[in-house]
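Here's a quick briefing for anyone meeting this protein for the first time. Take a look at the sequence and the model, then go through the notes below.

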Amino acid sequence: MKTTILSLVLLLLASCQDNKKEQLLHLVKEWQGKEIRFPEKPVFTRFVTDTTDYRIRM
(Lines give C-alpha, C1' and ligand atoms only; values in the text may rest on other atoms or scores of the structure.)
Protein backbone atom coordinates (compact mmCIF):
# COMPACT_ATOMS: atom_id res chain seq x y z
CA MET A 1 0.00 0.00 0.00
CA LYS A 2 2.82 2.42 0.90
CA THR A 3 4.67 1.71 -2.34
CA THR A 4 1.50 2.36 -4.36
CA ILE A 5 0.97 5.74 -2.71
CA LEU A 6 4.64 6.61 -3.08
CA SER A 7 4.54 5.62 -6.74
CA LEU A 8 1.49 7.80 -7.34
CA VAL A 9 3.09 10.78 -5.63
CA LEU A 10 6.28 10.37 -7.67
CA LEU A 11 4.26 10.03 -10.86
CA LEU A 12 2.34 13.22 -10.09
CA LEU A 13 5.53 15.13 -9.32
CA ALA A 14 7.17 13.92 -12.52
CA SER A 15 4.16 14.89 -14.62
CA CYS A 16 4.15 18.44 -13.22
CA GLN A 17 7.73 19.06 -14.28
CA ASP A 18 8.04 21.67 -17.05
CA ASN A 19 10.02 20.78 -20.10
CA LYS A 20 12.67 23.53 -20.37
CA LYS A 21 13.47 22.78 -24.00
CA GLU A 22 9.82 23.18 -25.04
CA GLN A 23 9.58 26.45 -23.09
CA LEU A 24 12.69 27.76 -24.82
CA LEU A 25 11.39 26.75 -28.26
CA HIS A 26 8.08 28.48 -27.55
CA LEU A 27 9.92 31.64 -26.48
CA VAL A 28 12.10 31.65 -29.60
CA LYS A 29 9.06 31.17 -31.86
CA GLU A 30 7.25 33.99 -30.05
CA TRP A 31 10.14 36.44 -30.58
CA GLN A 32 11.09 35.31 -34.10
CA GLY A 33 10.77 38.12 -36.63
CA LYS A 34 10.34 40.82 -34.00
CA GLU A 35 12.55 43.87 -33.68
CA ILE A 36 13.88 45.36 -30.45
CA ARG A 37 13.66 49.13 -30.60
CA PHE A 38 15.44 51.45 -28.22
CA PRO A 39 14.46 55.09 -27.61
CA GLU A 40 16.35 57.76 -29.57
CA LYS A 41 17.34 59.75 -26.47
CA PRO A 42 17.23 57.55 -23.38
CA VAL A 43 17.32 59.12 -19.92
CA PHE A 44 19.59 57.49 -17.38
CA THR A 45 19.14 57.97 -13.66
CA ARG A 46 21.33 57.40 -10.66
CA PHE A 47 19.83 56.47 -7.35
CA VAL A 48 16.35 56.64 -8.94
CA THR A 49 16.15 60.45 -8.84
CA ASP A 50 19.35 61.98 -10.22
CA THR A 51 19.50 62.14 -14.06
CA THR A 52 22.86 61.53 -15.69
CA ASP A 53 24.18 62.73 -19.04
CA TYR A 54 25.32 59.56 -20.79
CA ARG A 55 25.60 59.07 -24.53
CA ILE A 56 25.43 55.74 -26.30
CA ARG A 57 27.77 55.57 -29.27
CA MET A 58 26.28 53.87 -32.30
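Of the protein's 58 residues, 0% count as buried, where buried means under 20% relative accessible area, exposed means over 50%, and partly exposed is in between (1.4 Å probe, protein chains only). This is a predicted model, where local features need pLDDT of at least 70, side-chain atom pairs count only at pLDDT 80 or more, and totals for chains, interfaces and linings use all residues. Residues are numbered from 1 along each chain as its sequence is written, and side-chain values use heavy atoms, with hydrogens and water left out.

**Overall layout**
- You'll find two helices and two strands here, with helices (H or I, at least four residues) and strands (E, at least two) taken as DSSP runs numbered from the N terminus.
- Along the sequence they come in the pattern α-α-β-β.

**Surface**

**Helix α1**
- Valine 9 belongs to helix α1, residues 2–15.
- With 40% relative accessibility, valine 9 counts as partly exposed.

**Helix α2 and what follows**
- Helix α2 covers residues 20–31, twelve in all, and reaches 17 Å from first C-alpha to last, close to the expected 16 Å (1.5 Å times one less than its number of residues).
- Zero of the twelve residues of α2 are buried, so this helix lies largely in the open.
- Just after α2, glycine 33 has a positive phi of about 85°.

**A charge over a ring**
- Lysine 34 has its charged end over the ring of tryptophan 31, 5.7 Å from the ring's centre; this calls for NZ of Lys or CZ of Arg within 6 Å of the ring centre and within 35 degrees of the ring normal.
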